[in-house]
Amino acid sequence: MKLRANKLINIKKLRNKFDSSSLRVRLTVGMALFSAIGLGSLAIWTGMRMQHILIVTHKENIKYIAERFPQDVKIYTEMATLPVATQKAIDNLASADKLLWVKTNSGQVTALAADLEKDGIGEILLPLNNVPPIPQVRDLNGSYWLMCATPLKVDDKYLGDLFIAQDITKDQVMFLNLMRSLSIATFIMIVVMTLTIAHYINYLIRPLKRISQLTENVSADKLSEAHIHLENAPSEVRELADTFDEMLVRLSEAWEHQRELLSNVSHELRTPLTIISGYLQSTLRRGDNLTEIQKEALTTASSEADRTVQLLQDLLDLARADSGRMHFQLESVILNDLIEEVVGMTKQYSNHQINIELPHQLVQVKADANRLKQVLLNLIDNAVKYSDEEQAINIKVQQQQQQTIIQVCDRGMGIPLQQQNRIFERFYRVDEARNRSGGTGLGLSIVKTLVEGMGGSISVRSQIGEGTTFAVKLLSI
Ligand code: ADP
């Protein structure tokens, strides 16, 4: 059961951690996106600049050669024939990594750089067609070539297409390697920045979490003691904590007023109602000439008056406990006698069989005898109310080291697991529909207040359809 609860808490924590509506996740995602866009843009810009430095200069160079080539041919035609002049111009402009050739529309190469005949480069480059006039990078068998082809016209005479190819493998490989390193570095930086941002945001919102932890433990009874104190928190969060503190003071005052009002009203109403109940009972006792209907009406009115007096008494008890005005006369109480007495009292109004299991020797506890009677009467009263008449009620007393445990067990309807820790709350009733008797929902909260006031504790164990066991632990003497 504990394992399951821990698992549930872990799942809740995990869900909170990745809750898309949380300030932490939103800030982290927002800042991470912002930095990713920033770093990404910087990487793209750097890449473009590098490409410009490494490739664009070559492109411009090739464009310049393509523009200048017809003029060079023309100059050479003054001393040689057109084919010879073309070849001379090619020889003049070509180098080991810059190759030129002229090809007619029919695919015949009329002039070419000498290097095209070496190492089989010509076999790869010369057959190429559909080369664009603007220089473009081509990957040819693992080496990169910047290529373009423009129509060659000298004195308006078309001589074929001039092909220019420059080997840029070294620069292109360097550029690609640089781009790869840049992408990896950018990715690592984005991851590191996201983690750093997430950590920093976590640190920043810690005071907010602290406020929520502190306010989570504030209960109505502890309003006056509650105080939210934060050290080293940002001024905005400290302001929020101060506002919370002021609100707690106002709530505490309002709660105190309400308690006083409740206590006064209960006190004022209890006396006249007790008198009314007394009159109703004496009228009933002496009313020999009353009709059946009148008797029934008076009985109902009397029991309702009693119930309301009991409710007012409970409210007064709780108000006294809340304001610390409930006093306990703690002394040594012999449980054997007290339990016998309580069971005797219960038998006056219930037909349930009540079994008592007591150790043979005398069991003494530190308690207030009257309050302890009230506790046991309440628990047995509940066992009677929430189980059938033919089902016996067992009262067991066990001694464990310094403690004595009094168990009140019934074989009644039981209490659902998820509501077992709520039944001690004021006015909490498991299910109005199943509560045949008109309780008020205050009984167990008074029981808990009284037991804790005597330095003890109370717990419940119950299973639907099987029954319920309340265990009261008190200090042994
Ligand atoms: P009530 O006046 O309604 O009995 P209590 O504070 O005594 O108020 O009990 C709170 C709720 O707990 C009850 O409404 C009832 O549903 C449940 N309860 C208490 N004791 C038992 C029991 N022995 N068996 C089953 N349910 C119980």
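Start with Leu 444, where a backbone N or O atom lies 2.8 Å from an oxygen atom of the ligand. One thing to keep in mind is that this is a predicted model. The ligand itself has 530 Å² of accessible area on its own, and the protein covers 99% of that.

Tyr 386 places a polar side-chain atom 2.8 Å from an oxygen atom of the ligand. For Gly 443, a polar backbone atom is 3.4 Å from a ligand oxygen.

How many residues surround the ligand? The count is 20, and the closest are Asn 382, Tyr 386, Asp 410, Arg 429 and Leu 444. Sorted by class, the shell has eight nonpolar residues, eight polar and four charged.

Now the layout. The domain assignment gives three entries: domain 1 covers 18-204, domain 2 covers 235-323, and domain 3 covers 331-475. Between domain 1 and domain 2, the C-alpha centres lie 92 Å apart.

Last, helix α2, residues 23-77. This helix has 55 residues and reaches 79 Å from first C-alpha to last, close to the 81 Å expected at 1.5 Å a residue. Where does α2 bend? The bend is at Ile 55, by about 40°.

That is what I have; comments are welcome.

Note on methods: Residues numbered from 1 in each chain as written. Predicted model: local features only at pLDDT ≥ 70, side-chain atom pairs only at ≥ 80, totals over all residues. Heavy atoms only, no water. Near = heavy atom within 4 Å. Polar contact = N/O pair within 3.5 Å; in protein donor to acceptor, adjacent residues only side chain to side chain. Areas by Shrake-Rupley, 256 points an atom, 1.4 Å probe, with all protein chains shown as cover. Nonpolar A, V, L, I, M, F, W, Y, C, P; charged D, E, K, R; others polar. Helix = DSSP H or I, 4+ residues; strand = E, 2+ residues; numbered from the N terminus. Expected span 1.5 Å × (residues − 1). Bend = angle between axes of the 7 residues up to and from the residue. Domains from an automatic or database assignment.
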